[in-house]
Amino acid sequence: MDGRPCLLWELVARRPQDPAPSASVGVTRLGMALKAGRMAVWDYDFVLDRLNWSDGVFALFGVEPFDVTLQDFMRIAHPEDLPMVQARFDQALRDRSLFYAEFRFAQPGGATGWVADYGSFEFAPDGTPLRVMGIVQDITDQRQLLAGLVASGERARQLFEQSPLAIQVVGVDGRTLRVNHAWEQLWGVPFEALAAYNMLDDPQLDALGVTPELRRVLAGGDPGEPIVLSYDRGATAQVPGRTGTLVVKTRVFANRDPA
């Protein structure tokens, strides 16, 4: 670093045969930190066209150590992700910026794993790239968790949309964030018709006891009993659409975050 050799390069190239005690401790601590973070280091020499992997990279990909080439890496990475990885590498090289990409690889047994790959370039004074040194991290668990959250969110969205109950999601400022299909069918207007409408400013709901209940819940109160009300749709000029009186039973409750 800053023109001086660094310990990380020694680790990539193989540990020195007779390191000084302090260097040995540093290597051990670095190795423990990388292992704890499920990370490993790699190096690519542009001049020699040589790719070096630490033993941790082989362990991460679940393969035995061998002399690595760029073609070997391309066989390990998922073929659908390779164009993206190559494009980001080329862009980082052109911009002289940090390289970052997440891609899939085949795990032993046929499962699919995920890694995050980071790289930093070194250039000669004339701008010629000399080497890129990087860290690869196993993010399979994080990706699986994310996939589960996405699937859970999709199930929640389907329940929301397919519910026979009319659901209206209102922000703390009184503006409508979402409605489901049953709500649109019941009230006879699309979600877009609520653009200028604020539930907290609706005089009918205030007179019918809905607004006070909404404010109480937003202030931290528990859901109250359902309210049966007769609502004149034609009296709300901010919501263009159907007219006539609608009799409904509604209940207000808060959707809370962990705090």
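The model is predicted, so to speak of local features a pLDDT of at least 70 is needed, side-chain atom pairs count only at pLDDT 80 or more, and totals for chains, interfaces and linings use all residues. Residues are numbered from 1 along each chain as its sequence is written, and side-chain values use heavy atoms, with hydrogens and water left out.

Let's start with strands S1 (residues 39-45) and S2 (residues 50-53), which run antiparallel and are joined by 4 bridges. Strands here are DSSP runs of E with at least two residues, helices are runs of H or I with at least four, and both are numbered from the N terminus; two strands pair if DSSP finds at least two bridges between them. Tyr 44 sits opposite Leu 51 of S2. The two strands make a hairpin with 4 residues between them, and Asp 49 in the turn has a positive phi of about 50°.

Next comes the largest nonpolar core, with 25 residues, where Trp 53, Phe 61 and Phe 73 touch the most other members. Such a core is a set of buried Ala, Val, Leu, Ile, Met, Phe, Trp, Tyr and Cys residues joined through side-chain atoms within 4.5 Å, buried meaning under 20% relative accessible area (1.4 Å probe, protein chains only). Another core, of 20 residues, lies apart from it and includes Trp 183 and Tyr 231.

Finally, look at helix H9 (residues 210-218), whose buried residues are Val 210, Thr 211, Glu 213, Leu 214 and Val 217. They line one face of the helix, because down its axis they fall within an arc of 160°, taken from the directions from the axis to the C-beta atoms. Just after H9, Gly 220 has a positive phi of about 110°.

Definitions and conventions: Buried means under 20% relative accessible area, exposed over 50%, partly exposed in between (1.4 Å probe, protein chains only).
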